[in-house]
2 protein chains.
Amino acid sequence: MQVKRCYRTVVSPEEETARRSDCPTASALDLFGDRWTLLVVRDLMFFGRRRYGEFLEAGEGVATNILANRLERLGRGGVISSTRPRENSRAKYYYLTRKGIDLAPLMVEMILWSAKWEPELPVPEDFLTRAESDRPALLRDITARLEGVLANPGSEDGVAPFFAFEEP
Amino acid sequence: MQVKRCYRTVVSPEEETARRSDCPTASALDLFGDRWTLLVVRDLMFFGRRRYGEFLEAGEGVATNILANRLERLGRGGVISSTRPRENSRAKYYYLTRKGIDLAPLMVEMILWSAKWEPELPVPEDFLTRAESDRPALLRDITARLEGVLANPGSEDGVAPFFAFEEP
DNA sequence: CCGTTGACTTGCTTTTTGCAAGTTAAATCT
DNA sequence: AGATTTAACTTGCAAAAAGCAAGTCAACGG
């Protein structure tokens, strides 16, 4: 069994961007194939979180260095970007780019799969029924909100969480 | 910034199945949030690979122990299962369960996202056009093939790769 | 019977993760 | 205005996971 060599990204100084293969699946996994990256996408997409501190408090307990690393990776991957709301502000708002917004179908399928196969997880009923009855419409809704954020990413107005996923 | 604790799976003796949170996204990532797991799903789903050696030779270069670990994890997660084609045969055929087959929409969205945003990757034209023109039909086609395998997983007949992804 | 193949396991090294503590400049309070 | 707090990170170190090479062990093929 002869096997090819694997070359992969390095965490530290400047992460390489070499990809393992030309497979689209492998290439996507090179960018977000880990336990944290898609959670920040989720936070941006469904929970209206957009700041470092908000991601940290999201509940799953990312380490601060890992979060910083994943934000950087997503940024270099073109999935997110960031602005300061005002000049010289220390605050920083992250937001999904068009490429990031385009992950919505993937995220929705992931949630639906989990909902179906681990029914004890709390997924909002109306999310499921809307996904069932008219998925394209649901996706248009999600996308439209995110495009609103993208159009004015530095707005200091809070971003409303996607209705189906408001937290208690 | 107060942050909650993270508890996670362990590789060695008996992997725990504790989940980090009730979020469906986080829960899914607990199962397949890494660089290799979904590649074996891809192999089973699109390339007609179903044996250990075939996964190894897939081109991305998984280490043998990692592959064994991921197969075990997917098995425990109910995504795949395996049979021996004949009694006392050492050969072992892996196959997607219904839960695994249900990952098809996720996988397809992932491929389409990669194809869109990294256009230099070689994705078969007809896959893209079919996905564009009638995605449900494409998914039914993929699913039907996999259900064929599931109905007779020990068959020693080769599984044809999904037409769109045949290799050179 | 004997070397080969297939499906792993084991042991060790390197890389990545996790965690706690530290840094720095803006924002807020007194 | 000066002191304190907060936000967004770094840094250093320990623990876990990934990567690599080599080994096992029972069928299989000749």
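**Figure 1. The elements of chain A in order.** Chain A contains 8 helices and 2 strands. This is a predicted model. Along the sequence, the elements of chain A run α-α-α-α-β-β-α-α-α-α. The chain has 168 residues, and 35% of them count as buried. Consider the contacts in chain A with a separation of 6 or more. Of these, 51% join residues 24 or more positions apart.

**Figure 2. Two copies and their axis.** Two copies of a chain are related by a rotation about an axis and a shift along it. Here, a rotation of 180 degrees superposes chain B on chain A. The shift along the axis is 0.0 Å, and the RMSD is 0.0 Å. That is the relation of a two-fold axis. Look for B:D34 in this view. Its C-alpha is the one in chain B nearest the axis, at 2.1 Å. Both copies use the same surface. Of the contact residues of chain B, 98% recur in chain A.

**Figure 3. The contact between chain A and chain B.** Chain B gives 44 residues to the contact, and chain A gives 43 residues. Helix 6 of chain B supplies the largest share, with 11 residues. By class, this side of chain B has 22 nonpolar, 8 polar and 14 charged residues.

**Figure 4. Helix 6 of chain A crosses helix 1 of chain B.** Two packed helices are described by the angle between their axes and the distance between the axes. The axes of helix 6 (residues 104–117) of chain A and helix 1 of chain B come within 8 Å. They cross at roughly 85 degrees. The two helices are therefore roughly perpendicular to each other. From helix 6 of chain A, the contact takes A:M110, A:I111, A:W113, A:S114 and A:A115. From helix 1 of chain B come B:P24, B:T25, B:S27 and B:A28. This contact has 6 nonpolar and 3 polar residues, and no charged residues.

**Figure 5. Helix 1 of chain A under cover.** Helix 1 (residues 24–32) of chain A is mostly covered, with 9 of its 9 residues buried. Those residues are A:P24, A:T25, A:A26, A:S27, A:A28, A:L29, A:D30, A:L31 and A:F32. What lies over them? The cover includes helix 2 (37–46) of chain A. It also includes helix 2 and helix 6 of chain B.

**Figure 6. A:M107 in the largest nonpolar core.** The largest nonpolar core has 72 residues. Which residues touch the most other members? They are A:M107 and B:M107. Set aside the neighbours of A:M107 within four places in sequence. A:M107 is then in contact with A:V41, A:R42 and A:M45.

**Figure 7. B:L106, a residue of helix 6.** B:L106 sits in helix 6 of chain B. Is B:L106 buried or exposed? B:L106 counts as buried, because 22 C-beta neighbours lie inside 10 Å, and a residue is buried if 20 or more other C-beta atoms lie within that distance. Leaving aside its neighbours within four places in sequence, B:L106 is in contact with A:L106, A:E109, A:M110 and A:W113.

**Figure 8. B:L38, a residue of helix 2.** B:L38 belongs to helix 2 of chain B. B:L38 is buried, with 25 other C-beta atoms within 10 Å. Which residues are in contact with B:L38, leaving aside its neighbours within four places in sequence? They are A:T25, A:L29 and B:F32. Now find B:L139. B:L38 and B:L139 are 101 residues apart in sequence. Their C-alpha atoms are 18 Å apart in space.

**Figure 9. B:G61, a residue in a loop.** B:G61 lies in the loop between helix 3 and helix 4 (64–76) of chain B. B:G61 has 16 other C-beta atoms within 10 Å, so this residue is partly exposed. Along the chain, B:G61 and B:S114 are 53 residues apart. Their C-alpha atoms are separated by 20 Å. B:L106 and B:G61 are 45 residues apart along the chain. Here the C-alpha atoms are separated by 23 Å.

Definitions and conventions
Residues numbered from 1 in each chain as written. Chains lettered and ligands numbered in written order. Predicted model: local features only at pLDDT ≥ 70, side-chain atom pairs only at ≥ 80, totals over all residues. Contact = placed C-beta atoms within 7 Å. Helix = DSSP H or I, 4+ residues; strand = E, 2+ residues; numbered from the N terminus. Nonpolar A, V, L, I, M, F, W, Y, C, P; charged D, E, K, R; others polar. Core = buried A, V, L, I, M, F, W, Y, C linked by C-beta atoms within 7 Å. Buried ≥ 20, exposed ≤ 12 C-beta atoms within 10 Å, placed from the backbone. Axes fitted to C-alpha atoms, helices over the stretch in contact; angles between N-to-C directions. Parallel < 35°, antiparallel > 145°, perpendicular 65-115°, else oblique. Least-squares fit on C-alpha atoms with pLDDT ≥ 70 in both.
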